[in-house]
Amino acid sequence: MDISSFSDLLVAARAQPEPQRLLFVFCAAELPDDATEGQRQAFVAGQGGVLAPVMCADKLPNELVGMETLVAESTQFDRDWTVAFVASLGGRGTRAPTSLEAEEPLQRMVVQVKAGQIAGFIPFSRDGQAIILG
């Protein structure tokens with residue numbers, strides 16, 4: 001299945017034979033401390049910078065109606081974000097992973113995002129569109 005939107009992801013996650021738990025790492029665009037003047041100007045113009053994790057969460061697919069739900073919930077934490085990296089954690093049999101079981105994989109995901117190792121995750125914009133980073 002081609003996943004081009006957050007809605008597509010929810011459909012795919014709900015269709016899996018084993019229940020899933022979705023893992024989210026929310027990132028904000030930041031300018032590195034050692035940025036050059038050219039990088040600073042590009043950043044002010046809305047380009048460049050780095051994506052730094054600002055918060056993370058896990059949810060069952062059925063807890064989300066769409067990206068709007070996720071955006072609304074994230075505003076409670078007073079942390080602005082630009083991109084949400086998403087991965088899925090499969091359950092066993094008919095049981096979805098618990099939040100406690102998702103904690104270690106979620107923390108590993110945060111470390112991977114910080115290191116720029118994002119190949120296994122789907123990045124989404126705040127409007128729910130899958131994006132290509134590069």
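Student: What makes up the accessible surface of the protein chain, and how much is there?

Tutor: In this predicted model, the accessible surface of the protein chain comes to about 7900 Å². Carbon and sulfur atoms account for 52% of that surface.

Student: How many of the residues count as buried?

Tutor: Of the 134 residues, 37% count as buried. The cut-off for that word is under 20% relative accessible area.

Student: Why is Cys-27 called buried?

Tutor: The relative accessibility of Cys-27 is 0%. Buried means under 20%. Cys-27 therefore counts as buried.

Student: What makes Cys-56 partly exposed?

Tutor: Cys-56 has 34% relative accessibility. Buried needs under 20%, and exposed needs over 50%. The value for Cys-56 falls in between, so Cys-56 is partly exposed.

Student: Why is Glu-68 called exposed?

Tutor: Its relative accessible area is 60%. Exposed means over 50%. Glu-68 is therefore exposed.

Student: Where does Glu-68 lie, and how far is its C-alpha atom from that of Ala-28?

Tutor: Glu-68 lies in helix 3, which covers residues 67-74. The C-alpha atoms of Glu-68 and Ala-28 are separated by 18 Å. Along the chain these residues are 40 apart.

Student: Which elements does the protein chain hold, and in what order?

Tutor: There are four helices and four strands. From the N terminus on, the order is α-β-α-β-α-β-α-β.

Student: Why is the protein chain called as compact as a globular protein of its length?

Tutor: Its radius of gyration is 16 Å. The globule rule gives 14 Å for 134 residues. The two values are close, so the chain is as compact as a globular protein of that length. Along its principal axes, the C-alpha trace spans about 55 × 30 × 25 Å.

Student: What share of contacts joins residues at least 24 apart in sequence?

Tutor: The share is 75%, among contacts between residues at least 6 apart.

Student: How many charges are there, and how far apart are their mean positions?

Tutor: The protein chain has 10 positive and 17 negative charges. Their mean positions are 6 Å apart.

Terms used. Residues numbered from 1 in each chain as written. Predicted model: local features only at pLDDT ≥ 70, side-chain atom pairs only at ≥ 80, totals over all residues. Heavy atoms only, no water. Helix = DSSP H or I, 4+ residues; strand = E, 2+ residues; numbered from the N terminus. Buried < 20%, exposed > 50% of the residue type's maximum accessible area, 1.4 Å probe, protein only. Rg over C-alpha atoms; globule rule 2.2 N^0.38 Å. Contact = heavy atoms within 4.5 Å. Areas by Shrake-Rupley, 256 points an atom, 1.4 Å probe, with all protein chains shown as cover. Lys, Arg positive; Asp, Glu negative; His and termini not counted. Charge placed at Lys NZ, Arg CZ, Asp CG, Glu CD.
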